[in-house]
Amino acid sequence: MLNHDETVDYLNSFDGIPPEVLQPELLSDGSWLLDRSEFWASLLYDGADEELLDALFGGEQGVFDQMTDLWKEIEQSGKWPVLRLGTQAGDFALINWYVIDETEGHEFVVLPGDGRCIAVASVGAHSFGPGVSWPEAQRLVERGVLGSSAQRLLLLVRALGDGDSMTDMVDQVADALLAVRNAACPRETAVEAARQLLEDRGGRWSVHGDVLVSDNEYAARRLGGLPPEDLLKVTQALQ
C-alpha cells in the first residue's frame, strides 16, 4: 500500500471529484486481484486483440464480460485497489481508480520515498506513456515482493515501452502471460498478445544530464513533460 503522504499526494492530482470522496481510506490493498483472471483481462484489455486475451484468460464467460463484472465489484466496494511491487524507497505501484461518472482506469506511479507519488503512465480516459524503460522494469521485477516475478512483469506491461529492447520484452512478457494464467495456451498466442501489448509503447530512452527521458510524444517522462525535479526523482528511484 501507499503510505499516508503518498496517498494524499496522489489524490491531490484529481480535479472535479468531491473532497469527501478523495479521502485516504479510498485507497486499499489490491493484492487480492492477483488471483483473478478478470483482473489481468481488464489490465491488458484494448492492448491486444480480444480473442487473444480470451484464449489466455477467458473462461465460460468472455473476457469482456469478466472484466465488466470486476469493475462493478470495485465500484460497489467504494475503494480503489493499489498494487505496490515492493517495500523499499524507490518503488512502483499500480492504482486501479474508479470515479463517480463511471469511468475507470489504471495509473502507474513511482514512489521516490519522500512522500511523493508521481504518475508516469496511465491507461483509461486519459492515457499516456510509456513510463518505464526495459532495464528499469527488470530491476523493479527483481526487487519486488508482490506476487510472482511473472505477475510483477505483467503489472508493468501497460507502463512499459522501449524501442531498443522489443525482442527481449516480447519473449519475456509471453512467458509471463503463460505463467500467470493458461500454460496450456499455445505459445504463439502469448507471443502475439505480447507483441500487440508492446508495439504501441515504443520510443527510445536516453540520458539528458542526470535524468532518463523518452522521446515518445505521449510519455510523461519526456523533456518538457514532468517538472525537472520530478524527472530526477523518478530516474533516481528506478535506478
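Arg221 is buried, with a relative accessible area of 0%; buried means under 20% relative accessible area, exposed over 50%, and partly exposed in between, with a 1.4 Å probe and protein chains only. This is a predicted model, in which local features need pLDDT of at least 70, side-chain atom pairs count only at pLDDT 80 or more, and totals for chains, interfaces and linings use all residues. Residues are numbered from 1 along each chain as its sequence is written, and side-chain values use heavy atoms, with hydrogens and water left out.

Arg221 has a charged partner. Glu136 forms a salt bridge with Arg221, the closest N and O atoms being 2.8 Å apart. Glu136 lies in helix α5 (residues 134–143) and Arg221 in the loop between β7 (211–214) and α9, so the pair ties together parts that are 85 residues apart in sequence. Glu136 counts as buried too, at 1% relative accessibility. A salt bridge here is a side-chain nitrogen of Lys or Arg within 4 Å of a carboxyl oxygen of Asp or Glu. Helices (H or I, at least four residues) and strands (E, at least two) are DSSP runs, numbered from the N terminus.

The structure holds 14 salt bridges. Arg116 takes part in a salt bridge with Asp9, at 3.0 Å from N to O. Arg116 lies in the loop between β4 (104–111) and β5 (118–123) and Asp9 in helix α1 (residues 4–11), so this pair links parts that are 107 residues apart in sequence. Arg116 is partly exposed at 25% relative accessibility. Asp9 is partly exposed at 24%.

Arg116 also meets Asp230 in a salt bridge, at 2.8 Å from N to O. Asp230 sits in helix α9 (residues 228–237), so the pair ties together parts that are 114 residues apart in sequence. Asp230 counts as buried, at 8% relative accessibility.

Now turn to helix α2. This helix spans residues 37–44 and is mostly covered: eight of its eight residues are buried. Among them are Phe39, Trp40 and Leu43. Asp46 follows α2, and its phi is positive, near 75°.

α2 packs against helix α6 (residues 149–156) at an angle of about 35°, with the axes 10 Å apart. Phe39, Trp40 and Leu43 of α2 make the contact with Gln151, Leu154 and Leu155 of α6; contact means heavy atoms within 4.5 Å. Axes are lines fitted to C-alpha atoms, for helices over the stretch in contact, and angles run from 0 to 180 degrees between N-to-C directions.
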